[in-house]
Amino acid sequence: MKVPLQLSGLRLTYPGSATPTLDGLDLSVGAGSLTALLGPSGTGKTTLLKLIAGLLHPDAGDIRLGDRSLLPLPPERRKVVLVFQAALLFPHLTVAQNIGFGLRMQGLPTDVIARHTDAMLDRLHLTGLGARRPDALSGGQTQRVALARALILEPDLLLLDEPLSSLDPGLREAMRALIRSLQRELGVTTLVVTHDQAEAVALADSIALMQGGRIVQHATPEVIFARPATLAVARFFGGENVLPGQARGGVFESAIGRLPLPAGTADGPGSLTLRPEAVTLGPGADARAARVMECRFLGTQTRVELDLGGTRLVALVAPHLAGGLAVGQSVGVTLPPSALWFLRENPEAPPAVPE
Amino acid sequence: MKRDVLSALARLALALFLLMPLIPLAIWSVAHGWRFPALLPSELSLAAWSYALSPVSGVVGSLGLTFFIAAVTSVIATALAYPAGRALGRLRFPGRSVVLVLVLAPAVLPAIAVALGLQGLFLRMGWTGTIWGVVLAHLIPALPYPTLVLTAVFARFDPHHEDQARCLGARPLQVLLHVTLPAVLPGLRTGAVLAFLISWSQYLLTLSIGGGKVQTLPLLLFTFATSGRNDLTGAVAMIYVLPALAFMALLLRQRSKTAPLPNRTDR
Amino acid sequence: MRPYLMLAPLLFVLCGLFGAALGLTLMRSFRYLPAVGLTEPDLSAYTAILTAPGFLESVALSVWIAVGSALLSAALALATALALRQAFVGRGILTGLIQVGLAVPHVVGAVGILYLFSQSGAFARMAFQAGLIDGPGAFPALTNDPYAVGIMLLYVWKEMPFITLILLASLQRIGPDHEAAARSLGATPWQAFAHVLLPMLMPSLLAATALVFAFAFGAYEVPLLLGAHAPEAVAVLAWRSHTDVDLAARPEAMAMAVVIAVIAGGMLVALAQLLGKAGWGGR
Amino acid sequence: MLRILAVVLLVAAPAEAQTTDDTLLSGTWDQIVAEAEGGTVNWFMWGGSDQINRYVSDHVAKRLLADYGITLNRIGVADAVEVVNMVLAEKEAGIDTGGAVDLIWINGENFRSMRQADLAFCGYTGVLPNNVLVNWENPAIANDFGVPVDGCEVPWNTVQFGFAHDSATLPEPPRSMAELLVWIKANPGRFTYPAPPDFTGSAFVRHVFIHAAGGPENLLGPFDQSKYDEVAAKTWTILNEIEPFLWREGRTYPTTLVQMNELFANGEVAFTFNYDPSQFGLAVDAGIFPPDTRSFGLSDGTLGNTNYTLIPFNATNKAAAMVLQNLLLSPEEQLEKAKPEVWGAAPAIDILRTSAEVQAAFAALPKHPSVVAASELAAFALPELQADWLTAIEAGWRAEIGR
């Protein structure tokens, strides 16, 4: 059953702490969607999961799953499963017993549990490992058992706390795909905590960015990349190009000159952001002249630092396009208007905006 | 080569040293007339065993009583130690180190320091000469061991396992039974065994609180040991030691399956 | 509040029994017990025992027993634990035998020591058969002797395995890597032991040794079985005074118990500091 | 803290129950037996001898249950002083009824202690029917180490100090104190005695003391300091003279009689001694002493005493304890425990007051070859000194000899 999750006005201050960990947090997660909860470490992401799972109780606010509030329910009756970062398999139980744990707690007959467990083992490519002890598993297997142990309960809401952080890069890819496909297949509303934006982008339908105890933006990855709600969001997602300036009559006036803004942008001071990968190099109709300051090969991309009339600009381009560039060389730069995003917000250390 | 032989000999010597005092006791228990300078008894006899096992001697009843007292002491001590060990191992709170010292104190302060005052206290309560009085007295030296073992065990235990179980639909009692207890079981068992052994070999507190009416094996053994009946002493000592050894052997087999060695607070 | 609630049952029993017993001992040692009309505390029991002939000798004997037993046990245990670390045939059996000592009560062990080491015991008989001595009297007095050799033999036998087990657990936790690192930095095996392994073992070694000291210092039944007629171990003296039919000796017995508790308590404080340094019981 | 404790202790004092002592002192024997029925007697006694334990737990207990419906609970202790202390501690704690101890096997200093602290139930002995068999005219019965019995305890056995030697290695032992002292110097390392306050060691020192005094005559009254000082000086001289010739050159002494028995059994010393020579026979039968062990009494006098059973003032079941005491005093039981294979203990009743059959049975008792005949010892009988002398001699020994 696909159920939406609605968090409203959640507040929590840990005893003895001066600042609230959650400060009026709102979030709604669509039924059957996979949302990544993203944010720097220490912002209370895990705390939020524990609140939803019922392991902590908020000072204020409400948590609704479907049409019911979860607050009065103890953890075991919420139909919410939290999978911890450290897989936390019970060391005294076998893999199969670990997976069947929740069903056993419900008092289901052994044969039913066994059937479900076997199905889960197959589904998570763990066939034949049922009799093993947790300490005899590899890292990837451990994570899959933890996931199986949660999914067997067919929860209304699945909470994953950094499920991939303990895995090697190669395994991460496979695990990410597995989570993605299982989630689609089962349609379980899922909230995944991560601090890795690439992972969030690759995994989630939508990303909720958490900062200062609140959700600062909740949108699809595309929107967050192209149209960040704040400068901080932009920076968090690798937005290096921030130009201070002034919007006036649909045009942004800055140190590098006038740039067209999307229609409907109101006048006033602010900043313009531009994804580095949106910058194109080479001659073109709207190209401006810039000088190459530095050029670094990063593997799949080349990072080019440019000086555009005294303003620093970063571009990420395909290596073959940057092949001939040398430091000090002059190059044409095009800033596509569709990639420009205006924020009514000044960067913290603004160079004086020329009027 | 030579070093190997030497260290093998050293190990053999160690094994002999560890078993040494039990050997003459075993021989004495079947000896009749074993005087200097005979290396072995001139005559073997089961008289000491038949007396020790007869109802007259009270040894068998005493064995049961000693076991009962030790078992009850162990269960109570472990039950008290469980929440305390959890608090001490998991939580930081003002006064924690004071509590730790207090918990350790009965293990360090000799029984004699407790026995004198305790006798006066229990006399006034009417608890002397009763089995329960003796159990209460045994609790004092027994408590530190399970408490300290469980403190160490809980310090290593990740309580997220419990959260995880709650998330998987386990009720608090189910979490205790299916997750927490199994996880701390080796420590629980070690602590319980240590408490058992402390009570099992307690002499002075049993003498002062039991007032002779609660005749545990150490008291009985002491009476024979101070009466010059080496054969009876040997037989009673064997009856005393064998169950404990069997128990330890059992524990050892269990333990080799789980944790290879006890925690460092073991005694 | 929660930790205190969890500790409450234990503390209730500890304070209610142990604390009350110690408190009562303390009160009586000061001759203060309103229940029987003694309302003027004084120090006479303490002056009486400190001036009584033999008391200080008894304390000295008990300290000698405790120090000797603790140090000997610790040294032997260290050697044993290091030896048991290597793999060899029968290691399991030997480790099992070490635990045997834990299960054998002191009284039993003491009688066993008596049968082995007395002048007519097993070793004396062997010496006689080998022609080394011409009678029991020629065998050195090792039990019921003024130097308490027999008592220390028993404690070494009983407590060495205890310290060994603690050290083995420590060794297991420490693992071989630190020593290996030391060796790769140019330390000889001995240097790696003395400068790396031993310092890392020290907290548990000291803690265990302190426990053995405190126990050997205050034990009663072993010196009663294995001790000489004079001087007596201080615990024996205290219990004898306590069971003296002369009621006047009671406060003196209590005062002796307090002296024992204070000396053993000194070990407890030292131990607590050591445990604190080792971060014992911490997360 | 101290105040709270004090209050707790006051509150916790047990409640009083009414006493039935008057019935026991004035009632008829039948009333007492009726009251005793169904009761339990907790008899605290030294428990180190399997023969005595067996006699009491097997034989006496069965008769007591069969004849009177009373359960006997024998409680073995390592030393009777523990029991005295228990009763004392109970009295101190205000437990005047319902005490743990119903009967104690006791004599000597422990009896004096119980009398001094008023811990004994007294004045009832005349009620026991078998009391008529006891010759209270005999000062050795009427006085327990010089302390008048005063109806506070009932005699059980009489004993007399005997020496044991191995006739295989020492066919002709010295038979008087004077000869013994000479023998000790001629045979270095072959003699010792347990350090007082060991009961037996203390008795040996008293033999030397009486020897030094030239006989017991001047010592029989109450304690006399000047007399003591004079004799004690001589005694310590004698003991210091023999000390270098003792076992381990007298640097140490056995702490208990058991240790000395061990020395004797293993041939380290030539003698052991015991206040109850029947123990020699039991030790030979148990394989502890060499089979050729023989015993004798010192011809210049050997101390004798009587041991008793006593009911503490706060005993729970006085009536049942009295029935048991009466049973122990019966001719049948006195005869039973006199059998060498049972125990070999000499009777505390006057045999002449028993029936002809009992007298004949006593006369026909087989004699253990290792146990000196009571009649032989009786010829050298010395009365025990009063307990105050004992205390002084023990303290003097510890100060002068056993430092």
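Strands are DSSP runs of E with at least two residues, helices are runs of H or I with at least four, and both are numbered from the N terminus. Asn42(D) has Asn73(D) as its bridge partner in S2(D).

Is S2(D) enclosed or open? Strand S2(D), residues 71-77, is largely enclosed by the rest of the structure, because five of its seven residues are buried. Buried means under 20% relative accessible area, exposed means over 50%, and partly exposed is in between, with a 1.4 Å probe and protein chains only.

Before I go on, a quick word on what you're looking at. This is a predicted model: local features need pLDDT of at least 70, side-chain atom pairs count only at pLDDT 80 or more, and totals for chains, interfaces and linings use all residues. Residues are numbered from 1 along each chain as its sequence is written, chains are lettered from A and ligands numbered from 1 in the order in which they are written, and side-chain values use heavy atoms, leaving out hydrogens and water.

Still in chain D, there's an open sheet of three strands in the order S8-S7-S9, with antiparallel pairing. At its edges sit S8 (271-274) and S9 (293-296) of chain D, each pairing on one side only. From one strand to the next, the twist averages 30°. S7(D), residues 162-166, pairs with S8(D) over four bridges in the antiparallel sense, and Phe163(D) has Phe273(D) as its bridge partner in S8(D).

Which helices lie across S7, S8 and S9 of chain D? One is H11(D), residues 257-265, running at about 145° to S8(D). Another is H12(D), residues 278-285, at about 125° to S8(D). For those angles, axes are lines fitted to C-alpha atoms, for helices over the stretch in contact, and angles run from 0 to 180 degrees between N-to-C directions.

Phe145(D) isn't a glycine, yet its phi is positive, near 50°. You'll find Phe145(D) in the loop between S4 (143-144) and S5 (147-148) of chain D, and at 2% relative accessibility it counts as buried. Over in chain A, Glu162(A) also has a positive phi, about 45°, without being a glycine. Glu162(A) is in the loop between strand S7 (157-161) and helix H6 (169-186) of chain A, and is buried too, with a relative accessible area of 9%.

Then the cis peptide bonds. One joins Pro196(D) and Pro197(D), with omega about 15°, and Pro197(D) lies in the loop between H8 (177-186) and H9 (199-212) of chain D. Another joins Phe36(B) and Pro37(B), with omega about 0°.

That takes us to chain B, with its 13 helices and two strands. Of its 267 residues, 64% are buried. Its C-alpha atoms fill a box of roughly 70 × 65 × 35 Å along the principal axes.

Last thing: who touches whom? Four pairs of chains are in contact, and B and C share the most contacts. Contact means heavy atoms within 4.5 Å. Chains A and C have no contact, with their closest C-alpha atoms 13 Å apart. Chains A and D don't touch either, and their nearest C-alpha atoms are 34 Å apart.

Conventions. Two strands pair if DSSP finds at least two bridges between them.
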